[in-house]
Structures are given as structure tokens and as C-alpha cells.
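Open the model in your viewer and follow the stops below. Each one says what to select and what is there.

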Amino acid sequence: MRRSRSRYRFFIYLALFIITVVVINVVSKYADVSNVAVSTVKTEMNGKLSLKIGSLKGSYDVDDFSVSDAGPISIPFEASTEEGTFTIKVSSNDEIVWEKTVSEPATGAIAFDGVKGHYEITVETESAKKLVLKLSR
């Protein structure tokens, strides 16, 4: 009786081990670990967007917007990082229309000639800490 219990426990533990190994392999194969954002706070009020990221590796989607009529686009911004550098990018149809790399506090405007369509604003970095980006639309 005692020997059959030991054998039963062995097979249960073996099955749990195999299931754990399979799950870890599947998760690690399909997990996207190239983008990691820690302590992210994004607020939007009265046309002003504020993004604060404690630590970022990879890219982060900040905002998207549509342009209904062609013409100049200007979005005032303030940006800073405490450690590292990051790049603010505006793209449309996977084509970058504007970008700026930030390594120290910067202010200015995202300015480009817009055409009718959809635009995305992202930030990208190899590694940066305490990122702040403020946009006024």
C-alpha cells in the first residue's frame, strides 16, 4: 500500500514538472519582452496630455490622432529624462514624419506638414528612467 502511494506521488510530481516546463517554454517563446514600461502614469485633460514613465526599455505608444485637412501641424511639447535618452517619433503609415531625441530638458513643437490620415506619437529608447512628456493639442 505504501509503495503504491509513493509511485502515485511520483507520477503526480512528474506530470506537474512536465506541465510547468511546457508552460514556461510557450510563454517565453511568445512573450514580447522587448518593450518594458514601469510606473507609467498618463493623464489627459483639456487637450493637454501628460506622460510620466519611471523606467522604459523599448517603445511606448503615447497618443494617436487624425488629420482631416492637409496643412501645417504644430503640437507644443515639454520633455525630459533623468537618466538616458529617448526619441519622440510621429509616424503615419509606418513612415516617420517627425522625430527628436531628448537627453536633457527640452521644449518646442512637433511641427510638420500634415496630410489627411492617421498619426501615432511614440517614445523609444534603449533604456531611460524618469521620462516626462507633456503635449498640448
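**Stop 1: the core**

Select Ile 110. Beyond residues up to four places away in sequence, Ile 110 touches Ile 73, Ser 74, Ile 75, Phe 77, Ile 88, Val 90, Trp 98 and Leu 135; contact means heavy atoms within 4.5 Å. This is a predicted model, where local features need pLDDT of at least 70 and side-chain atom pairs count only at pLDDT 80 or more, while totals for chains, interfaces and linings use all residues. Residues are numbered from 1 along each chain as its sequence is written, and side-chain values use heavy atoms, leaving out hydrogens and water.

Together with Ile 110, they have the most contacts inside the largest nonpolar core, which has 26 residues. Such a core is a set of buried Ala, Val, Leu, Ile, Met, Phe, Trp, Tyr and Cys residues joined through side-chain atoms within 4.5 Å. Strand 2 (48-67), strand 3 (71-80), strand 5, strand 6, strand 7 (106-114) and strand 8 (117-136) each supply at least two residues of this core. Strands are DSSP runs of E, at least two residues, numbered from the N terminus.

**Stop 2: the rings**

Select Phe 65, Phe 112 and Tyr 119. Ring pairs link these three into a cluster. Rings of Phe, Tyr and Trp (its six-membered ring) pair if their centres lie within 6.5 Å; planes under 30 degrees apart are stacked, over 60 edge-to-face, the rest tilted. The count comes to 4 aromatic pairs. Phe 112 and Tyr 119 make a tilted one, 5.3 Å centre to centre with 45 degrees between the planes. Phe 112 is buried at 8% relative accessibility, and Tyr 119 is buried at 2%. Buried means under 20% relative accessible area, exposed over 50%, partly exposed in between (1.4 Å probe, protein chains only).

**Stop 3: a hairpin**

Move to strand 5 (86-92) and strand 6 (95-102). They pair in the antiparallel sense over 7 bridges; pairing takes at least two DSSP bridges. Ser 92 has Glu 95 as its bridge partner. Between the strands are 2 residues, and Asn 93 takes a positive phi near 55 degrees. Asp 94 also lies in this loop. Is Asp 94 buried or exposed? Asp 94 is exposed, at 81%.

**Stop 4: Thr 81**

Finish in the loop between strand 3 and strand 4 (83-84), where Thr 81 lies. Thr 81 is buried, at 10%. Its side chain reaches the backbone oxygen of Lys 129 at 3.0 Å. The backbone oxygen of Glu 83 lies 3.1 Å from a polar atom of the Thr 81 side chain.

Note on methods:
Helix = DSSP H or I, 4+ residues; strand = E, 2+ residues; numbered from the N terminus. Polar contact = N/O pair within 3.5 Å; in protein donor to acceptor, adjacent residues only side chain to side chain.
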